[in-house]
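Subject: Handover of a structure

Dear colleague,

Please find the structure below.

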Amino acid sequence: MFDVCIIGAGVVGCALARELAQHGLSVAVVEKHDGPCKETSGRNSRVIHSGFHETPGSLKAKLAFDGSTQLIQYAEQRGIQFLRTGMLIAIPHGSIRAGLWREANALWKLWKAGRRYNVPFRFVMTPSGVRKIAPIRAVGGIFLPSVCVIDVEHFADSLIQDAKAAGAQFLFGSEVVQIAIEKNSHTVQTANAEVKARVLINSAGLHAHEVSAMAGGPRYEVEFIRGDYYELIGGIARWNLRTLVYPAMPPRSPSKGIHFGPRTDGRLYVGPSATAVSKEAPKEAFLEAARKFLPEVREDDLRWAYSGIRPKRVTKNGKSDFTIRLERSAPPLINLIGIDSPGLSASMGIACHVKEIVLTLSALEGGL
Ligand SMILES: Cc1cc2nc3c(=O)[nH]c(=O)nc-3n(C[C@H](O)[C@H](O)[C@H](O)COP(=O)(O)OP(=O)(O)OC[C@H]3O[C@@H](n4cnc5c(N)ncnc54)[C@H](O)[C@@H]3O)c2cc1C
């Protein structure tokens, strides 16, 4: 009998296991793949966002701010590979002809939201100011020096090592197919194992809505957004681009926009798009996004690289935030639904937030 069973070893499940095991709880993690981060956590942009893009007051904004600060400190302490790229949210040169108001308005709104969080940033007001930061064609923008890009696999391995050192057990290659609910515990059934635990934490990413229903929790409506990436052949060394370059997107856009993403392995990507799962964005969309800032990019400089899918909770007011909720206290079920971007950046913040829920529950009940 474990105190806690976590379903899913994406980056959030791994951060949860570390946090809870280090607080003296016995923890089992059940994951269907043969290793961690084989779904959304391994197929994203790897950017450690500070919460600057998120709606002020949202859980996303708070947990990305708290989580990114912790994550960068943790990466420094553990020697996890990361690049201090900074992030330039820029207005491309061609916007002058199209009328600057849309981008300028988007930057103004970002600035207003971002300054609430004390994230250091500065305005860049001239093309030559932009070129001091990145060799692109843009009229200006906002620069956030603290944003980083991390090696996700290295980060997840380190979390798992810490969790195991504190006694957590990981069951890989174990898909949860059934969950029995008893008076004081859950029995989680996989094809080859059975795990009994008092608290069940559903961190199953794209399948969290299904796991919630399986665990007797609410039925959530979720939509799925696909993001494709193209690689710029020759990488950082050829294009000399070491900074994240994002377009200024209007508020409530479905994504933060197709951006230039340098990576720790020296590669350089253009992406992600944001489409329905069945629709791949055309190559022209990536070429157009790249040429806005780097007009010299040709079609054969771009090669399709990979795609990732994120789960977004569908709500009546159209706003999307993380849903992290204690659904039931006897036996306790905690759901994590719609953990889309910036879930990687927020992972350690989410882990602390869920730990508070578990500890409060434990205090109310005189122990787990
Ligand atoms: C294109 C794209 C770009 C993104 N860019 C960024 C970014 O730059 N920065 C950022 O912070 N965030 C980004 N994100 C979001 C980020 O990737 C996610 O928020 C984060 O990875 C979510 O992690 P997770 O652990 O919740 O989910 P997942 O990584 O999906 O993990 C869930 C795990 O649960 C397992 N599972 C599911 N069902 C079962 C079952 N029945 N039994 C056992 N195991 C099960 C799955 O196999 C999986 O391993 C991006 C996402 C996408 C798609």
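At what angle do helix H6 and helix H10 pack, and how far apart are their axes? Helix H6 (residues 152-165) and helix H10 (residues 343-364) pack at an angle of about 15°, and their axes are 12 Å apart. Helices (H or I, at least four residues) and strands (E, at least two) are DSSP runs, numbered from the N terminus. Axes are lines fitted to C-alpha atoms, for helices over the stretch in contact, and angles run from 0 to 180 degrees between N-to-C directions.

Please note that this is a predicted model, in which local features need pLDDT of at least 70 and side-chain atom pairs count only at pLDDT 80 or more, while totals for chains, interfaces and linings use all residues. Residues are numbered from 1 along each chain as its sequence is written, and side-chain values use heavy atoms, with hydrogens and water left out.

H6 and H10 are therefore roughly parallel to each other (angles under 35 degrees count as roughly parallel). The contact between them (heavy atoms within 4.5 Å) is made by Val152, Phe155 and Leu159 of H6 and by Leu344, Ser347 and Met348 of H10.

A nonpolar core is a set of buried Ala, Val, Leu, Ile, Met, Phe, Trp, Tyr and Cys residues joined through side-chain atoms within 4.5 Å; buried means under 20% relative accessible area (1.4 Å probe, protein chains only). Not counting residues up to four places away in sequence, Phe155 touches Val11, Leu71, Tyr74, Ile80, Ile150, Leu344, Ser347 and Met348.

Two further residues deserve a look. Val130 lies in helix H5 (residues 127-133) and is buried, with a relative accessible area of 0%. Val130 and Ala90 are 40 residues apart in sequence, yet 8.3 Å apart in space, C-alpha to C-alpha.

Ala204 is placed in the loop between strand S12 (194-202) and helix H7 (208-214). Ala204 is also buried, at a relative accessible area of 15%. Leaving aside neighbours within four places in sequence, Ala204 is in contact with Ile7 and Val211.

Yours sincerely

Definitions and conventions
Angles under 35 degrees count as roughly parallel, over 145 as roughly antiparallel, 65 to 115 as roughly perpendicular and the rest as oblique. Buried means under 20% relative accessible area, exposed over 50%, partly exposed in between (1.4 Å probe, protein chains only).
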